[in-house]
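Work through the exercises below with the sequence and the structure side by side. Try each task before reading its solution.

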Amino acid sequence: MDQDLRILVVEPDPERAHSIIDALTADGWTNLHVVGDVTALDRKMKTLSPDIVLIDLANPDRDTLEHISMVSDAKSRPVAMFVDKTDDTMTQAAIQAGLSAYVVDGLHMNRIKPVIETAIARFQVMRKMQTELDAAKRALADRKTIDRAKGLIMKARGIGEDEAYALLRKSAMDQGKKVIDVAQALVTASDLLS
Amino acid sequence: MSATHLNCGYVPLIDSAPLIIAKELNFAAEEGLELTLTPQPSWSALRDMLALGHLEAAQMLAPMSVAMSMGLGGLSAQIDALMVLSVNGTIIGVSQDMSKAMGDVPFADPTLNAEALLAAAKGKLRVGVPFPFSMHRLLFEYWLSDKAAEAGIEIEIVTTPPPRMADALENGLVDVFCVGEPWGSVAVARGVGRLILPSSAIWQFAPEKVLAVRHEWANENPETCGALMRAIYKAARWLDTGSNKPLAVDILSRSAHLDLPDTVIDPAISNSLSPDMGLPGEHVENFLIFNRHAANFPWRSQAAWIAARLNADAEGIETAKKSFRSDLYRQHLSTIGADMPGASEKLEGSMRHATAVASTRGHLILGPDAFFDGKIFDSGQEV
């Protein structure tokens with residue numbers, strides 16, 4: 001592997017940073033660095049002069065990185081990878097995965113590509129995990145709301161749990177809404193009235 | 001006819017109001033557009049998404065579109081500014097330490113604040129701005145660079161995402177900032193800074209954000225271009241109608257596009273800013289203009305001013321001018337009653353007061369557009 005490449009990962013979340021570094025290490029790169037705190041970015045860029053900088057596309061610190069790259073020495077100036085539109089498939093894959101990369105001008109595509117591909121793969125995994133985590137959190141929150149709504153109906157009507165849920169579901173179907181939306185409306189109304 | 005779907009990027013700031021109103025009050029729908037507004041995490045991301053075709057249009061920092069057209073910094077692409085979305089609207093503020101060292105200086109006085117700021121600076125001023133290619137930086141430098149050099153004070157520009165500007169001030173990472181609302185008022189509300197100078201005190205009529213599209217896209221989609229421009233023009237006109245302002249604040253705070261409370265939306269919309277915690281709002285004439293005084297007209301001389309401040313040569317200035325599509329503006333907006341100026345360039349800075357000028361319908365009032373130093377910028381043609 002291309003062990004001389006200096007790779008800098010800009011990522012404030014230590015767990016995510018680890019995950020990216022692990023993936024790169026596993027594929028043979030050794031000269032890896034992380035900066036989490038953007039206030040240290042300027043110094044890090046100067047002392048390290050990385051060949052490649054990897055940063056989440058959604059990270060607002062991209063503008064800071066962009067500025068620092070712009071004013072750094074011309075000979076080692078990293079530029080946004082998207083400038084090189086020669087490999088459109090890779091660019092689109094990076095965007096889909098939520099990765100942006102800055103690469104020193106003049107670095108050969110053959111050297112860059114494996115790094116970016118590894119990073120893309122890892123970003124995809126992280127994104128998938130995040131999506132699943134969000135979905136799980138939402139499902140849990142929905143369940144709590146529905147349970148509260150069921151409780152409200154059981155108390156008000158003096159009926160059992162199954163009956164209360166059946167009532168919720170029927171009401172949702174009649175109105176062409178989701179059960180969670182009807183439950184949420186009931187909980188909100190109850191909060192307002194109590 | 002089915003609606004044309006259009007993906008438009010923006011950065012959640014008060015001056016993205018014309019896009020939000022165009023969508024929420026159905027100005028876009030009336031033009032046959034199904035407008036999707038996609039918030040962007042950074043200006044770099046917005047630029048990349050536009051250049052790579054993931055966005056059809058975007059609210060862009062005026063100097064960013066000029067810089068892209070001239071091939072400066074990061075990703076370059078031929079970008080056209082179809083219209084100006086907002087004029088002015090940024091504000092300079094200082095940290096509490098700096099505020100104490102400056103002493104009591106009248107709000108919005110460009111000369112006294114410059115003197116006090118330089119006297120209070122210790123060798124260096126760290127200035128937070130949202131992006132290197134922004135009116136924030138260009139106006140700050142126009143205001144203070146020469147005087148700072150005379151005083152032997154170094155100006156260091158520190159790019160800082162606007163939502164973090166108050167933190168940067170509080171943590172001593174910057175001494176002074178120039179930022180768009182609500183982030184100036186947020187710093188005041190948090191008690192970490194004092195506002196000293198609205199950017200309109202530096203240049204009274206500065207193009208702040210533009211509606212940016214790819215040049216080829218504009219060529220290939222003239223109908224959609226026109227529809228989008230008309231929808232946004234109507235939204236801007238609605239926003240600048242005085243009686244609509246309370247409703248505008250309400251709509252902006254309720255819509256999910258900004259995710260901000262009405263208390264920090266109100267100052268910019270009502271042109272009344274509280275310079276320091278506990279102080280009443282001070283009226284700032286023309287703090288943020290959406291439509292009045294032909295604010296939406298993309299003056300080629302404005303592009304030339306920006307290019308000149310970015311050290312462009314004659315060729316670069318010509319490229320910049322061409323990227324401000326006053327031709328398309330005339331073509332698409334004449335039909336809905338937008339009054340058109342006789343020329344597409346003006347002597348920037350020549351109007352100290354609002355001035356009636358020759359126009360197609362004869363009702364056009366321009367300016368004021370004076371610079372704080374009284375200088376006039378001549379873009380070289382058609383004036």
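A residue is called buried under 20% relative accessible area, exposed over 50%, and partly exposed in between (1.4 Å probe, protein chains only). The model is predicted: local features need pLDDT of at least 70, side-chain atom pairs count only at pLDDT 80 or more, and totals for chains, interfaces and linings use all residues. Residues are numbered from 1 along each chain as its sequence is written, chains are lettered from A and ligands numbered from 1 in the order in which they are written, and side-chain values use heavy atoms, with hydrogens and water left out.

**Exercise 1. Find which residues of helix H12 in chain B are buried, and why they are said to line one face.**

Step 1. H12(B) covers residues 245-254, and its buried residues are Lys245(B), Ala248(B), Val249(B), Ile251(B) and Leu252(B).
Step 2. Viewed down the helix axis, the buried residues of H12(B) fall within an arc of 165 degrees, so they line one face. The arc is taken from the directions from the helix axis to the C-beta atoms.
Step 3. Pro246(B) and Arg254(B), on the other side of H12(B), are exposed.
Step 4. Among the elements covering the buried residues of H12(B) are helix H1 (17-24), helix H11 (222-239) and helix H13 (262-269) of chain B.

**Exercise 2. Describe the interface of chain A and chain B.**

Step 1. Contact means heavy atoms within 4.5 Å. In contact are 22 residues of chain A and 24 residues of chain B.
Step 2. Buried area is the accessible area (1.4 Å probe) that two parts lose on being put together, summed over both. Between chain A and chain B it is about 1,900 Å², with 61% from carbon and sulfur atoms.
Step 3. A salt bridge needs a side-chain nitrogen of Lys or Arg within 4 Å of a carboxyl oxygen of Asp or Glu. The rule finds three across this interface. One salt bridge joins the side chains of Arg164(B) and Asp61(A), at 2.5 Å from N to O.
Step 4. On the side of chain A that touches chain B, helix H3 (62-71) and helix H4 (88-97) of chain A are the elements that give two or more residues. H3(A) gives the most, with six residues.

**Exercise 3. Examine the backbone at Pro182(B), Asn26(B) and Ala294(B).**

Step 1. Most residues other than glycine have a negative phi, and most peptide bonds are trans.
Step 2. The peptide bond from Glu181(B) to Pro182(B) is cis, with omega near 15 degrees. Pro182(B) is in the loop between strand S8 (176-180) and helix H9 (183-189) of chain B.
Step 3. Asn26(B) has a positive phi, near 65 degrees. Its relative accessibility is 42%, so Asn26(B) is partly exposed.
Step 4. Ala294(B) also has a positive phi, near 55 degrees. Its relative accessibility is 11%, so Ala294(B) is buried.

Note on methods:
Helices (H or I, at least four residues) and strands (E, at least two) are DSSP runs, numbered from the N terminus.
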